[in-house]
Amino acid sequence: MRQRTDVIFVYDGSFDGFLCCVYEYYYSSFNPVEIICEEDIESSFFQFVTITTDSFKANKVRTAIDEKISKYTVRFLQECILCYGREKEYHMLWYVIKGFKKGSGIYYMVEDKDVDWLRKAHRHLQREKHLYLGIARFYKAGDGYISVIKPKNRIVPLIAHHFTQRFANQNFMIYDAANKQAFMYNQKQAVVVQADNIELPPVEEDEKDMQKLWKLFYDTIAIKERYNPRCRMNFMPKRTWDMLPEMKDL
């Protein structure tokens with residue numbers, strides 16, 4: 001058995017880039033103690049090894065996962081890479097390594113620390129996705145609409161299809177202010193981009209009036225005797241309140 005050198009893999013953050021990290025593990029003598037994105041590099045005693053994204057290597061690993069584990073595993077991992085948590089890629093790597101040995105049953109090995117971590121992270125991702133399908137608020141800006149959200153996970157690629165179906169005849173943008181990611185749709189094309197420096201248009205006066213009317217309606221139908229902020233926070237986390245017009249002092 002070859003001796004491995006402990007290193008830190010640095011990749012571009014894409015799913016194909018992660019698959020290339022798996023490829024590098026099997027075809028090199030490196031043992032990644034951590035897998036990080038380029039922008040997360042910090043001082044370390046370990047050597048940094050940059051993994052270049054290569055479509056041939058990525059497809060080779062993707063095919064191997066399909067055949068040796070399951071087709072569902074590829075989709076599962078594609079969603080796991082959207083989860084928050086710096087250590088997710090490390091757990092994903094070992095999930096694949098163990099999956100090549102155990103087959104499709106790896107997903108149900110809940111006592112395994114890597115499987116357990118990923119299942120919990122993926123569950124949180126799905127819950128947050130479902131939450132924002134209901135609470136995303138749009139405001140009018142020019143000839144389109146803008147929604148600003150602040151999820152922990154990078155859920156924009158997961159909710160994009162829902163809103164393109166719902167607002168097929170509208171121009172709109174969903175901006176993830178927490179993860180600096182934006183989804184833009186112009187009735188013909190849809191694209192998800194990184195948006196580190198973006199200046200959003202201000203809320204127009206007509207839109208402000210509409211928001212005031214909505215807040216008035218919200219306050220009017222509320223039953224004061226049943227006011228329960230703790231229950232509200234269970235269904236609608238407090239960290240989302242600043243994105244909701246009904247929770248602001250307009």
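## Helices on the sheet

Helix α4 lies across strands β1 and β2, running at about 135° to β2. Helix α1 also lies across β1 and β2, at about 160° to β1. Axes here are lines fitted to C-alpha atoms, for helices over the stretch in contact, and angles run from 0 to 180 degrees between N-to-C directions. Helices (H or I, at least four residues) and strands (E, at least two) are DSSP runs, numbered from the N terminus.

The model is predicted: local features need pLDDT of at least 70, side-chain atom pairs count only at pLDDT 80 or more, and totals for chains, interfaces and linings use all residues. Residues are numbered from 1 along each chain as its sequence is written, and side-chain values use heavy atoms, with hydrogens and water left out.

## The three-stranded sheet

The strand order is β2-β1-β3 in an open sheet with parallel pairing. Strands β2 (30-37) and β3 (47-50) stand at the edges with a single partner strand each, so one side of each has no neighbour in the sheet. From one strand to the next, the twist averages 35°.

Seven bridges join β1 (residues 5-11) to β2 in the parallel sense. Pairing requires at least two DSSP bridges between two strands. Y11 stands opposite C37 in β2.

## α2 against α4

Helix α2 (residues 55-68) packs on helix α4 (residues 88-102) at an angle of about 45°, and their axes are 9 Å apart. The two are therefore oblique to each other. The scale is: under 35 degrees roughly parallel, over 145 roughly antiparallel, 65 to 115 roughly perpendicular, the rest oblique.

The crossing of α2 with α4 is left-handed. That term means the near helix is turned anticlockwise from the far one by less than a right angle; clockwise would be right-handed. A64, I65 and K68 of α2 make the contact with V96, G99 and F100 of α4. Contact means heavy atoms within 4.5 Å. By class, this contact has four nonpolar, one polar and one charged residues. Ala, Val, Leu, Ile, Met, Phe, Trp, Tyr, Cys and Pro count as nonpolar, Asp, Glu, Lys and Arg as charged, and the others, Gly among them, as polar.

## α3 and its surroundings

Helix α3 (residues 71-80) has buried residues T73, V74, F76, L77, E79 and C80. Buried means under 20% relative accessible area; exposed is over 50%, and partly exposed lies in between (1.4 Å probe, protein chains only). These buried residues pack against α1 (15-27), α2, α4, α5 (113-135) and α6 (156-166).

The axes of α3 and α5 come within 10 Å and cross at roughly 70°. That makes α3 roughly perpendicular to α5. Their crossing is left-handed. On the α3 side, Y72, F76, E79 and C80 meet L118, R119, H122, L125 and Q126 of α5. The contact residues divide into five nonpolar, two polar and two charged.

## E128 in α5

E128 lies in helix α5. Its relative accessibility is 2%, so E128 counts as buried. Beyond its neighbours within four places in sequence, E128 is in contact with P151, K152, N153, I155 and R239. E204 is 76 residues from E128 along the chain, and their C-alpha atoms are separated by 29 Å.

## The β7-β8 hairpin

Strands β7 (residues 181-185) and β8 (residues 190-194) run antiparallel, joined by five bridges. Q181 stands opposite Q194 in β8. The two strands form a hairpin with four residues between them. In the turn, Q187 has a positive phi of about 80°.
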